[in-house]
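Biologist: I would like to learn how to read a structural model, one feature at a time. Could we take it slowly, with the general idea before each case?

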Amino acid sequence: MNFGYYPGCSLSGTAKEFDLSLKEVLKYLDTDLQEINDWCCCGASSAHSASHLLSVALPARNLILAKEQGMKEIVAPCAACFNRLKVAQHELKTDDHIRINTEELLDTKYSDGINVLNLISLFQQIGLEKIKSNAKVDFSKLNVACYYGCLLVRPHDILKFDDPENPTTMEEVVKATGAKPVDWNFKVECCGAAHSIAHTEIVENLSMKILDDAINYKANVIVVACPMCHSNLDMRQKNIIKHNPGRNKIPILYLSQLIGLSLGLDHKKLGLDLHFIDTAPLIASLSENEVAV
Amino acid sequence: MRIGVFICHCGENIGRTVDCPSVASACANFSGVVHAEDYKYMCSDPGQNLIKQAIKEKNLDAVVVGSCSPHMHEKTFRKACSDAGINPFLVEMANLREHCSWIHDDVPSATRKAIDLVRMLVEKVKFNEPLIPIRVPVTKRALVIGGGISGIQASLDIANAGYEVVLVEKEPSIGGHMSQLSETFPTLDCSQCILTPRMVEVYQHPRIKLVSYSEVENVEGFIGNFSVTIRKKARSVKDELCTGCGLCVQKCPIKKVALSDFDEGLATRPAMYVPFPQAVPNIPVIDRSVCTYFKTGKCQLCKKVCGREAIDFEQQDQLIKEDVGAIIVATGYKLYTIDKKPDESMIKGYGEYGYGKFKDVVDGLQFERIASASGPTSGEMLRPSDKTTPKKIVFIQCVGSRDESKGFSYCSKICCMYTAKHAMLYKHKVHDGEAYVFYMDIRAGGKNYDEFVRRAIEEDGVKYIRGRVSKIYEENGKLIVKGEDTLAGVRVEIDADMVVLATAMIAQNDSVKLAQTLSVSYDKYGFFNESHPKLKPVETSTGGIFLAGACNAPRDIPDSVSMASAAAAKALVLFGSDVLEREPVVAKVNEATCAGCFYCQKVCAYNAIEQKEIKDRQGNVIKVVAYVNSGLCQGCGTCNATCPSKSVELLGFKDDQIYAQINSFAEVF
Amino acid sequence: MENEKFEPKIVAFVCNWCTYTGADLAGTSRLKQQTNARLIRVPCTGRIDPVFIIKAFEKGADGVLVSGCHPNDCHYNTGNFHARRRWIFFRQLLDFVGIDSSRLYFSWVSASEGKKWVDVVDGVINSVREKGPFNGYKKLNKEIEIPVK
């Protein structure tokens, strides 16, 4: 299988381990990724609040490049990139005014026809059966909280991906690894997202509730598909515990890392050593076939 | 043809802007016009006499009146002319008031237009033919579909007036949703106490034929003459033998095999069951999907204990035919359930409220069952999950209603009232409990309605919070309700023990199918449409079919009952005459030119076009042509426009008549 | 003749239940409008044969307006749907027979939309006034020597 690949800035920077683990897993599953040549920023986080035109034109440029390079389906593992690409597609399709302005700006004609996949829909395409049949490590005692955040499922009318209030597709992927998804409450709550820098206390407060609920529902690990979610839940966790004592740590893994673990891939190659919250105890407990809470 | 033209001044209403005398004199020159005059008030007695006199003196055989809209006085002038011996369908009206004098200022151009308008109808009337009103006999018997409070009321009204009623109910028992309710607003009287006597009255009424556990399969015919096919579903019990002793239900060995619909899934019932103890008729049903006999061929315990040998495992669905003259649709509503996935239905769902996931998040009808003395908790206020008394309860209004993005844009109308009632019932039973209501607006229009809501707030201390709830989740056995108080401008979080969602009233699942069976129109939500929102609120677009209750729109009990009585009155008006007269504006086929393509049949919304065989003297079929059943035809003329050979024509609006108008619109402009 | 100010002739086919009644309401509300339209009342837009429209152009109309009940509000349930479907095909045919299809107007005006009716009528009249007279048939009639009225 072959997919176009739009890594976006996070996966080439702060979320390097997302990129590493995804490529490692896909290699194992005989799936090729072809990176869009000369891709640029999708405009996420800031463009749409600064310039409407830019927020469409930036993703449009990447979509046009993908098409020129003969791609039909592209993977945008970062939830924010996925969201921006889909929103841009929607706007270009429904709003002639913005399309004409975009085409003028980019000096190229835009045409629809690229299927944008997120991390979950990518694994659905590859086939959950394939993950299931290749799983090597016993996950049967691993309780997983699947955290979607906001960008993967909303706005539903545009993304048309899963139930915006109670999504379950990530749970299906997690089940394929043999782990047990927990039925918890905060899978689509806001983590504070880009307030991380300017209003850290908001992010800590919101993320704390998410972490608490996952632990409350006996999760051993939280799995995410968004670099923003990851950085808030992982990087801010130590401070959260410091400011609100009496809490346990919980490792935060990308979905691709969890799959990689179940396939028995090398931990270093999956970037499992790159997190703020140590993943070693979790990994150790897996190899002992016993899971620490 | 000798045509008379009469121009009305309508006091000054027409005369001010249209020069009526010169219109009359211009019309006098039209070919065929032998008489033209103008008068101050044509519709008055002297005005009408003027017309009658002219008809006699000038021997007129057609009349064009230039006055107000035909919607206003067409009947008046037709009658006047008919009294003077002219067929009423040889009278046409030019609308010189609403369509001319009232909307123009300039006298010369308005006068020119008036002349044009009259000329067009003079040309049309030359092609008019005398028509005779259609007379159809009336079967003085009514069908009522649905045995809820609306259907019960309508049936009793008609039966008490002396006519027979066939009442069809799809469930094993009549009673509808009202039988599920605990107490009713704004008086808090017990719902079953006021309903069950009515149910018994229906059952014992000599003129009501109750056909329960049955559905309307097909409807043919037209006003006064419907032929209805009813599917009587197999109960597996012979209703003529069953005495309702209930022994079979007691002995059914698989007790808690299915969730009770009557208790909204909060209790279970055996495979052999009556929906509730006061059911009418009190005849059990075997749920074949769970019955041991139907699954394994063994058991038959019910059959063994039945002294009357009423159990019949071999029973099949039966089709019965009933002839009726009027139909009252009273199929009611259902509650919007919200555990639906998006994309699977038109409803996008409220996953954030966790309905279906958290046992203590219930909907309005479930709460009714909890509050009801006949319910699963015998009226004790116990929450479903652990059967403890909730000390804090949250009610959320407008779930599914007034919410275009997730549910429906309409207001469900009864929820403000029933939520206030729920909160009150709760407070009356749990004195130290706290009740919160999240609302958008309180719509308590109705006699003693607002007072009722005020009572809930002021006397019973129910806390009303204006705002929406964004999420409900479970934490340590509590339901955390996160919402917003928009009046105080703050976020609120309530750790409730139980949550009640005031989910919207929506149309029944099969309402669209039934509407199509009956050929009545329905709105985008599946509610049946009334013929006119103000002046014909219980009629449908199909003659002889009337609406009652919540099948038309969300409606509470008092409104449903009055609507049911109104629908009954309409049926009784119909039964007041032995024959019906209808305007003969119906389609007619020219059998000589009809080629039998039956395109007309495909476009007819009323199934009015039938196939007719034309035979030679030996009885051999030489061709098949279209035939219009004038009882069914409503006169839209779509067949006329569709017919490739112009063999079907709409009387009163034939091609010739319309071409005559087109040809003459611009003689002088 | 050519120096005279052009006043368009409009033929409007309207259904009895919605638009005709809506026009009545415009009258009852005394909403002023231009005098160029001549209404022909039919029971339903479903009754309107496309040939009526061609005939109206032939007889000197500069514009034709067809108006009925809103979709789903048809007094006869489905008549206006049949009409709508018919126009989709018919419109293309108009150009083919040499009539500028932009001279044919459609609208849905309900019995309660008196104001909308006025806007529609004035809109059509103004738009046709801008287009100028429709001479297609007049020329044709001259060629085949039918006297133009």
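Biologist: Where in chain B does B:Glu309 lie?

Modeller: Helices (H or I, at least four residues) and strands (E, at least two) are DSSP runs, numbered from the N terminus. B:Glu309 lies in the loop between α9 (301-305) and β17 (318-324) of chain B, and it has a positive phi of about 50° although it is not a glycine. Before we go on, note that this is a predicted model, in which local features need pLDDT of at least 70 and side-chain atom pairs count only at pLDDT 80 or more, while totals for chains, interfaces and linings use all residues. Residues are numbered from 1 along each chain as its sequence is written, chains are lettered from A and ligands numbered from 1 in the order in which they are written, and side-chain values use heavy atoms, with hydrogens and water left out.

Biologist: Is B:Glu309 buried or exposed?

Modeller: Buried means under 20% relative accessible area, exposed over 50%, and partly exposed in between (1.4 Å probe, protein chains only). B:Glu309 counts as exposed because its relative accessibility is 61%. B:Cys10 also has a positive phi of about 50° without being a glycine, and is found in the loop between β1 (3-8) and α1 (20-28) of chain B, but B:Cys10 counts as buried because its relative accessibility is 12%.

Biologist: Which peptide bond is cis, with omega near -5°?

Modeller: That is the bond from B:Phe185 to B:Pro186, and B:Pro186 is found in the loop between β8 (183-184) and β9 (189-190) of chain B. A cis peptide bond also joins B:Val280 and B:Pro281, with omega about 0°.

Biologist: How many residues does helix α4 of chain C have, and what span is expected?

Modeller: The expected span of a helix is 1.5 Å times one less than its number of residues. Helix α4 (residues 114-131) of chain C has 18 residues and reaches 26 Å from its first C-alpha to its last, close to the 26 Å expected. Its buried residues include C:Trp117, C:Val121 and C:Ile125, and the buried residues of α4(C) pack (contact means heavy atoms within 4.5 Å) against elements of chain C including β1 (10-15) and α1 (19-28). Just after α4(C), C:Gly132 takes a positive phi of about 90°.

Biologist: What share of the residues in chain A is buried?

Modeller: Buried residues make up 54% of the 293 residues in chain A, which has 16 helices and eight strands.
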